[in-house]
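Please walk through this model strand by strand, with the viewer open.

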Amino acid sequence: MSDRLHRVGLVSDTHGLIRPEALDALRDSDLIIHCGDVGDPAVLDALRTLAPVRAIRGNNDKGMWARSLPTNDVVELGSQVIYVLHNLAELDLDPAAAGFTAVVSGHSHKPMIEERCKILFVNPGSAGPRRFTLPVTLAALALRSGRCEARIVELALS
């Protein structure tokens, strides 16, 4: 990977709702990763108008349209390797031994950025319908050679 900045938008748990605020926040992404519970293929269509999309199937993604979505994915961007799954509790491998830079997941609707054993773990939260008192969020990854940084983006809802 060159030292060019690669911007990856992370979104999860849209449950069929694509908010204009989410589209605005993801607009400058080079790639968008949807971490499951898409809810409707129209969500992916809307995201594809902004950037290439990689998406996985969440526990609520049912029906014929969702069958084509994998349950996990490995996204390679130069020297950076990102493992994508919906429910972090189902992680059944050692990310460090597998050579992953980051593990991204959804499911809990709770945004989180944490480093464990030099691996970045990110949950973008939920950009879909508000759940309880949790914020409506997504996340952004900034990748450069040797560096992977994340930030949570809280959506200002009108």
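Asp73 stands opposite Val84 in E5. This pair belongs to strands E4 and E5, the latter covering residues 80–85, which run antiparallel and share six bridges. Strands here are DSSP runs of type E with at least two residues, helices are runs of type H or I with at least four, and both are numbered from the N terminus. Two strands count as paired if DSSP finds at least two bridges between them. The model is predicted: local features need pLDDT of at least 70, side-chain atom pairs count only at pLDDT 80 or more, and totals for chains, interfaces and linings use all residues. Residues are numbered from 1 along each chain as its sequence is written, and side-chain values use heavy atoms, with hydrogens and water left out.

Now widen the view. E4 and E5 sit in an open sheet of five strands, ordered E4-E5-E6-E8-E7, with mixed pairing. Its edges are strand E4 (72–77) and strand E7 (112–116), each pairing on one side only. From one strand to the next, the twist averages 20°. Such angles are taken between N-to-C directions and run from 0 to 180 degrees, with axes as lines fitted to C-alpha atoms, for helices over the stretch in contact.

Cys117 lies in the loop between E7 and strand E8 (119–123). Its phi is positive, about 50°, although Cys117 is not a glycine. Cys117 is exposed, with a relative accessible area of 72%. Exposed means over 50% relative accessible area, buried under 20%, and partly exposed in between, with a 1.4 Å probe and protein chains only.

Turn to the other five-stranded sheet. It is open too, with the order E3-E2-E1-E9-E10 and mixed pairing. Strand E3 (53–55) and E10 are the edge strands, and each pairs on one side only. Neighbouring strands are turned by 20° against each other on average, direction ignored.

Strand E9 (residues 137–144) deserves a stop. Six of its eight residues are buried, so E9 is largely enclosed by the rest of the structure. On one side, E9 pairs with strand E1 (residues 6–11) in the antiparallel sense, over five bridges. Val8 stands opposite Leu141 there, and Gly9 faces Ala140. In a regular strand, side chains alternate between the two faces of the sheet.

E9 also pairs with strand E10 (residues 147–154), again antiparallel, through eight bridges. Leu143 stands opposite Cys148 in that pairing. The two strands form a hairpin with two residues between them, and Gly146 in the turn has a positive phi of about 80°. Ser145 is also found in the loop between E9 and E10. At 39% relative accessibility, Ser145 counts as partly exposed.

Which residues lie nearest the centre of the largest pocket? They are Arg7, Val8, Ala140, Leu141 and Arg151, out of 15 lining residues. The pocket holds about 220 Å³ of space. E1, helix H1 (20–26), E9 and E10 each give two or more residues to the lining. E9 gives the most, with four. By type, the lining divides into nine nonpolar, two polar and four charged residues. Nonpolar covers Ala, Val, Leu, Ile, Met, Phe, Trp, Tyr, Cys and Pro; charged covers Asp, Glu, Lys and Arg; the others, Gly among them, are polar.

A pocket is found on a 1 Å grid over the protein atoms alone, as an open set of points with protein on both sides within 12 Å along at least five of seven lines; lining residues have an atom within 4 Å of a point. Its volume is the space filled by probe spheres set on the points, which are joined across faces, edges and corners.

Next comes the largest nonpolar core. Of its 20 residues, Leu26, Ile32, Leu44, Leu47 and Leu155 touch the most other members. H1, helix H2 (41–48) and E3 each supply at least two residues. H2 provides the largest share, four residues. Such a core is a set of buried Ala, Val, Leu, Ile, Met, Phe, Trp, Tyr and Cys residues joined through side-chain atoms within 4.5 Å.

End at Asp37, in the loop between strand E2 (31–34) and H2. Asp37 has a phi near 55°, a positive value in a residue other than glycine. At 2% relative accessibility, Asp37 counts as buried.

Technical notes: On a 1 Å grid over the protein atoms alone, a cavity is a set of points where a 1.4 Å probe fits but cannot get out, and a pocket is an open set with protein on both sides within 12 Å along at least five of seven lines; lining residues have an atom within 4 Å of a point.
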